[in-house]
Amino acid sequence: MKSGSKHLNYLLRQYKDISVLESIGSLLDWDLNVYMPDKAGGYRAAQSSYIAKNIAEKWQDKSFRKSLEFANNEDGLSVTDKYLLRNINHSAIYYHRVPQKLIVELSDTTTKAFMAWKEAREKNNFEVFSPCLKKIVELQKQVAESIGYDENAYDVFLDIYEPGFSTKEATNIFSDLTNKTRQILKKIAKNDDLNNKTNFQKYVYSKRKQKAVAKYILQSIGFDFSKGRMDVSPHPFTTELGDSDTRITNRYQKNDFIESMMIALHEGGHALYEQGVNAKHAMTPFGGGVSLGIHESQSRFYENQIGRSRSFVKFVLPYLRKIYPDSMVSMDEDELARKINKVETGFIRVEADEVTYNLHIALRFELEEKLINGTLGVENLPDAWNEKMEKYLGITPPDHKSGVLQDVHWAYGNFGYFPTYTLGNLYAAQFFHAMKRDIDVLELVEEGRFMPILNWLREKIHQHGSVYWPNDLIKTVTGESLNADYFLKYVEDKYN
Ligand code: CO
């Protein structure tokens, strides 16, 4: 990629090096999660922090900063150049405004906090974790002050993962979403008749067979195995190791074949996004998916709108019957559809269904916004957590392990991350609605013809990589700004 500005061209050359370094870092992380022997952690940490240090140095380099300043003051830049510059500025904020000392202190604190969180969870004792969390909140407040904000310190953290998204917007969306979701839940609870006819969990599903099913699904939806792989890791994820190398992972439960199927669809959705970015954007500020929320919309779309549809069940059932003749012989379409769409109120976010999931996120969003703004102290966090669980889901966790200590995000200092999961759900439903205006999505799914679906996503979303920010993208693709209506309508239609 070449620009009309010599300053921007310099920045783009440096950016190429940064992209290469980042992909090396991702490869080290991928290996850590998939193959690395237990005792190799120390040396791996040294390798990873060497890469991180080099990336930081590139961003903080004097010539880089100077060129960025010149480019920012340049007149007559093309629209593309302005977009490139906007993305470089966005990524540079953290490196340019947060003092090095604070970055190091935060990194040391989160390393300790991760250990403390693990111990606290094991001992079911919040006090073990709370001093570290207190420190992290204090440091993150300083980060927000160094970066700067107009209205709300929490905006700084939302903007990191979802460029341009604000606390005000999030508050509106969540209040609408939680109220209406609770009404829908009441209706579902009343006519819940999901008795398990077939006890499919008394059967054993070999890894080999589950892997075959996952590959069949991935191939069907358009995952390109010549430019990607699927391996095994305890926590499934997708990572981009550079142009033409997209890795996903899965995990296989001995007595449950559904989970690995849903993971294949979810991670497959992330991977299709990365595989679909126009090759000309590789190693530029337009490479890769634009935000966590839009990324999650692609995974949720394949997992939920596609994978939990009756049409998908019709498509996949014959194959499942062939692979698992014993357990599937008596399971009909109706039963499988009900099994993969069970709605159940529980304590644990990662086990939550499509409907209750967003309530788990709303709770975390409200609490972390208060922590950052100092209207909630860490010492009162467990009580606040339990109150909100009672309010939103009507249940109180029996212990902190299944309550405030369940997620690792806060130990990593990742504030502003949780809301992107819900954004993903909402974007997905809104994209689905727009897609249905153009093509018969569910009919195609039933026939196993997934390419027109992928082509639609590629044309409207994937190919653009990070050219358009989420707000622009959703408006261009669907004609409207993000709102919760399409998600709520989708859920209501499904469970009525
Ligand atoms: Co995901």
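The donor residues of the cobalt ion follow the sequence spacing H-x3-H-x25-E. The pair H266 and E296 links distant parts of the chain, 30 residues apart. H266 sits in helix α10 (residues 258–276), and E296 sits in helix α11 (residues 292–306). The model is predicted. In it, the protein donors are H266 through NE2, H270 through NE2 and E296 through OE. They lie 2.2 to 2.3 Å from the cobalt ion. H266 and E296 are both buried.

Next come an arginine and an alanine, R349 and A92.

| Residue | Location | Relative accessible area |
|---|---|---|
| R349 | loop between α14 (333–339) and α15 (354–373) | 6% |
| A92 | helix α4 (residues 79–97) | 2% |

Why does R349 count as buried? Its relative accessible area is 6%, and the cut-off for buried is under 20%. The side chain of R349 makes a polar contact with the side chain of D407, at 3.0 Å. Residues up to four places away in sequence are set aside in the contact list of R349. That list holds Y357, H360, I361, R364, Q406, D407, H409, F418 and Y421.

Leaving aside neighbours within four places in sequence, A92 is in contact with W59 and L68. Q60 is 32 residues from A92 in sequence. In space, the two are 8.4 Å apart, C-alpha to C-alpha.

**A helix pair**

How do α17 and α20 pack? Two packed helices are described by the angle between their axes and the distance between the axes. The axes of helix α17 (residues 419–438) and helix α20 (residues 470–478) come within 9 Å. They cross at roughly 25°. That makes α17 roughly parallel to α20, because angles under 35 degrees count as roughly parallel. The crossing of α17 past α20 is left-handed.

Which residues make the contact between α17 and α20? From α17 come Y427, Q430, F431, A434 and R437. From α20 come P470, I474, V477 and T478.

Methods
Residues numbered from 1 in each chain as written. Predicted model: local features only at pLDDT ≥ 70, side-chain atom pairs only at ≥ 80, totals over all residues. Heavy atoms only, no water. Donors = N, O, S within 2.8 Å, 3.2 Å for Na, K, Ca; no water. Helix = DSSP H or I, 4+ residues; strand = E, 2+ residues; numbered from the N terminus. Buried < 20%, exposed > 50% of the residue type's maximum accessible area, 1.4 Å probe, protein only. Polar contact = N/O pair within 3.5 Å; in protein donor to acceptor, adjacent residues only side chain to side chain. Contact = heavy atoms within 4.5 Å. Axes fitted to C-alpha atoms, helices over the stretch in contact; angles between N-to-C directions. Parallel < 35°, antiparallel > 145°, perpendicular 65-115°, else oblique. Left-handed = near helix turned anticlockwise from the far one by under 90°.
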